[in-house]
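Thanks for coming. I have one structure today, and I will go through a few places in it.

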Amino acid sequence: MPYSLETFFEVSRDLLCIAGYDGYFKKINPALIHLLEYSKEELLSRKISDFIYEEDRLRTASNRKNLKKNLPLLNFENRYISKSGNIIWLDWTAIPLPDENLIYAIAKNITYKKKLESERAVHLLALDKKNKNLKNLNFKTSHDLRSPVNNLLTLCNILDLNKITDPETLQVFNLIKNSTEGLRDSLNSYVDSLTETEELESSRELISLSVILHVVQSSISALIFDSRAKITTDFSAFDVLFFNRDFMESIYLNLITNAIKYAKPDVFPKINIASKIVAGEQILVFSDNGLGFDMKEVAGKIFNLNQRFHSTKDSKGVGLYLVHSHITEMGGKIAVTSAVNEGTTFTITFK
């Protein structure tokens, strides 16, 4: 039995039309009429280009020439202006019939999609601006802090150590000097890295886990001494890793200082760091005997920015966020297990 396509043409929610090689609509469906807000008579009596957004007319005409050369048009986007002045984005697919000098076309209204893309672009520009501001602040802070740090080292160097007779006082002084030297070296490294490239996060090199740990321990030696923290390590599985040096220093620094900061009252912190090979993957396990936390309460929030799980005054909720960012930036992943008053274990799997 013969089938009539007229009903399909009339009820389709997509925009259907038949256009002539002369640049006029020959047939249009109600969906297109409703969208453009013109009457059927107005749409048929005027050239199609009259309804196209002025900036898109030349490009549209060029593609129409290709149609006349028997080349189908696929996913062509242009803008139309409705009778009330609204800009409408349409995505066209058209097929020419040269023997009849006609073009059969179907379009979809993608105005909402284009609006989302525009909003997304605005947000990306804003984020890019904020990112650049943060980089500038990081550079400025790292650069400006070097002066007072160098001043402290100068004061340390001009002191006459022969006048310090108390062994404990001399030991504390040496811890202060070592920490200051470590801070100076870190700041110099940050400034050099930021000066050389704006893509610090992408740089990788072969690093030694034990050597970098020694650097970090030296920079916070006074904190470790004062807290009586005990750090044990086992890098027998592997010690050398292809990773970002500055990121690894930051990971050590944040996890060690967190373990000390959140130690149980009257219990000296015990921190264990060990490398492992599991199913061919390089894994670093970092565990402590601190306060821990209820995993059910903090699930999904542990590595978010500004999350605090204890009432410590100097807690900023930034450390674990940085640790997670550094690891994922390098293609790795981090998992955590913990229980209240039973400590915390972080398992880092490297790419």
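Before I get to the first residue, one term: a polar contact here is a pair of N or O atoms within 3.5 Å, where, within protein, one must be able to donate a hydrogen and the other to accept it. Also keep in mind that this is a predicted model.

With that term in hand, take Thr60, in helix H4, residues 57-68. Its side chain reaches the backbone oxygen of Asp56 at 2.7 Å. The Thr60 side chain also makes a polar contact with the side chain of Asn78, at 3.1 Å. Is Thr60 buried or exposed? Thr60 counts as buried, because its relative accessibility is 7% and the cut-off for buried is under 20%. Leaving out residues up to four places away in sequence, Thr60 touches Ile52, Phe76 and Asn78.

Now some overall numbers. The protein has 351 residues, and 36% of them are buried. Its secondary structure comes to 12 helices and 12 strands. Of the contacts with a separation of 6 or more, 58% are between residues 24 or more positions apart.

Next, helix H8, residues 209-219. Which residues of H8 are buried? They are Leu209, Ile212, Leu213 and Val216. These four sit on the same side of H8, because they cover an arc of only 105° around the axis. The spacing is what one would look for: an α-helix has 3.6 residues a turn, so residues three or four places apart point the same way. As for what they pack against, the partners of the buried H8 residues are strands E6 (205-208), E7 (230-234), E8 (240-243), E9 (270-278) and E10 (281-288), together with helix H10 (245-261).

From E10 we can go on to Asp294, which lies in the loop between E10 and helix H11, residues 295-298. The side chain of Asp294 reaches the backbone nitrogen of Lys296 at 3.0 Å. Asp294 counts as partly exposed because its relative accessibility is 29%. How far apart are Asp294 and Ala339? In sequence they are separated by 45 residues, and in space by 5.4 Å, C-alpha to C-alpha.

Last, the surface. Leu152, Leu155 and Ile158 make a nonpolar patch of about 300 Å². One of them, Leu155, is found in helix H6, residues 146-158. With 43% relative accessibility, Leu155 counts as partly exposed.

That is the end of the tour.

Terms used:
Residues are numbered from 1 along each chain as its sequence is written. This is a predicted model: local features need pLDDT of at least 70, side-chain atom pairs count only at pLDDT 80 or more; totals for chains, interfaces and linings use all residues. Side-chain values use heavy atoms; hydrogens and water are left out. Patches are made of residues with over 30% relative accessible area and no salt bridge: like charges are joined within 9 Å, nonpolar side chains (Val, Leu, Ile, Met, Phe, Trp, Tyr) within 5 Å. Accessible areas come from the Shrake-Rupley method with a 1.4 Å probe; for residues, only the protein chains shown count as cover. A salt bridge is a side-chain nitrogen of Lys or Arg within 4 Å of a carboxyl oxygen of Asp or Glu. Helices (H or I, at least four residues) and strands (E, at least two) are DSSP runs, numbered from the N terminus. Buried means under 20% relative accessible area, exposed over 50%, partly exposed in between (1.4 Å probe, protein chains only). Contact means heavy atoms within 4.5 Å. The arc is that of the directions from the helix axis to the C-beta atoms.
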